[in-house]
Amino acid sequence: MSERPGDMSERPEGLSGRLGNVSERPGDMSEQTESRGALLRVSGLSKHFRGLVAVAGVGFAVEEGTVHGLIGPNGAGKTTLFNLISGLVPADEGAIVFGGREIVRLPVHARAGLGIARTFQNIRMFEDMSVLETVAAGAHARLSAPVWHCLFDLPRYRAEERAVAVEALELLEFVGLAGRAGERAGDLAYGEQRRLEIARGLASRPRLMLLDEPAAGMNPHETADLARLLRRVRERGVTLLLVEHDMGFVMELCDQLTVLNFGRRIAGGAPAEVRTDPAVIEAYLGKKAAARLAARGAKP
Ligand SMILES: Nc1ncnc2c1ncn2[C@@H]1O[C@H](COP(=O)(O)OP(=O)(O)OP(=O)(O)O)[C@@H](O)[C@H]1O
Ligand SMILES: [Mg+2]
């Protein structure tokens, strides 16, 4: 199992770097998706760890077919919110409605079965598994052959395994890892492991994928490739909720943003609105710097 901390060193400095420039986004789906409704609706969600309130009464909705960004300074509660949505940690209070169904008390595997997949801020995979086995493992959660079929190598089990392998190979090609199927997962470069995690997530055929800092530790070229890949994931019909500190990446890719600070939702909306929101600027820069900027009438 490899656990590598997300590399913070590449986070762009300065407000323009942090909040980025908003440009025309290719393949903007917002018009198509507005009418499709919320796939995920979180309300009044809270979590505390002993004395510390990590997530405090957070509410927001993720529209089906969109890329939704969850941003905020370090320690804002983003990963905790992902853990609450995927079921890794239980909520103290609040509601999580996914596909019209209340899931806040369901265990992790039940939420995965309903179509929630995720990747982790610190890559989690078994280094000694092959690349193909890693993706296939993502598919096994949704397979129907009972366990004892595998013990006796029955035909239904064999047919399912063949189908899983074919789909895993297709997914490896989709994420740009064709030809690497037989390699050890632990031998892949860092950016490749992040792509492998995405392929593993897709193998479970999710409706919603939670991506925690997918661009962490990537160089600008890899980050641009990742943005292209995630647009293609959305085109496959998968809704994306992503946490990311690379603001250029976020502003370019996301249709909607939710901003957290100290566990609270402080802003939300389209990237162009959010990047000029005074509360967001203050959360990133601190009160004094935000006031100086406002006094100068400077645009972020
Ligand atoms: N298991 C835990 N036990 C105690 N405190 C925790 C636990 N998990 C998170 N926290 C605390 O909750 C707060 C929110 O942490 P979280 O990891 O959700 O932030 P984040 O927004 O993902 O930060 P980053 O951008 O650095 O990844 C932090 O103060 C953190 O120390
Ligand atoms: Mg985090």
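This report describes the strands, helices and ligand surroundings of a predicted model.

**Overall composition**

The chain contains 13 helices and ten strands. Of its 300 residues, 41% are buried. Among contacts with a separation of 6 or more, 72% are between residues 24 or more positions apart.

**The open antiparallel sheet**

Four strands form an open sheet in the order β2-β1-β4-β5, with antiparallel pairing. Its edge strands are β2 (52–63) and β5 (101–102), each of which pairs on one side only. Strand β1, residues 38–49, is joined to β2 by eight bridges and to β4, residues 93–98, by five bridges. The hairpin of β1 and β2 has two residues between the strands, and R50 takes a positive phi near 45° there. Helix α3, residues 78–86, lies across β1, β2 and β4 and runs at about 65° to β2.

**The parallel strands around β7**

Strand β7 comprises residues 208–212, and because five of its five residues are buried, it is largely enclosed by the rest of the structure. L208, L210 and D212 point one way from β7, whereas M209 and L211 point the other way; all are buried. Strand β6, residues 116–118, runs parallel to β7 and is joined to it by three bridges. With strand β8, residues 239–243, β7 pairs in the parallel sense over five bridges. Between β7 and β8 the chain passes through helix α9, residues 220–235, in a right-handed β-α-β crossover.

| Strand pair | Sense and number of bridges | Example of bridge partners |
|---|---|---|
| β1 and β2 | antiparallel, eight bridges | L40 and V62 |
| β1 and β4 | antiparallel, five bridges | S46 and E93 |
| β6 and β7 | parallel, three bridges | R118 and L210 |
| β7 and β8 | parallel, five bridges | D212 and V243 |

**Surroundings of ligand 1**

Ligand 1 is surrounded by F49, L52, A54, G72, N74, G75, A76, G77, K78, T79, T80 and Q121. The largest share, three residues, comes from α3. By class, the shell has four nonpolar, seven polar and one charged residues.

Terms used
Residues numbered from 1 in each chain as written. Chains lettered and ligands numbered in written order. Predicted model: local features only at pLDDT ≥ 70, side-chain atom pairs only at ≥ 80, totals over all residues. Pairing = 2+ DSSP bridges. Contact = placed C-beta atoms within 7 Å. Axes fitted to C-alpha atoms, helices over the stretch in contact; angles between N-to-C directions. Near = placed C-beta within 6 Å. Nonpolar A, V, L, I, M, F, W, Y, C, P; charged D, E, K, R; others polar. Buried ≥ 20, exposed ≤ 12 C-beta atoms within 10 Å, placed from the backbone. Right-handed = clockwise from strand over helix to strand, strands pointing away.
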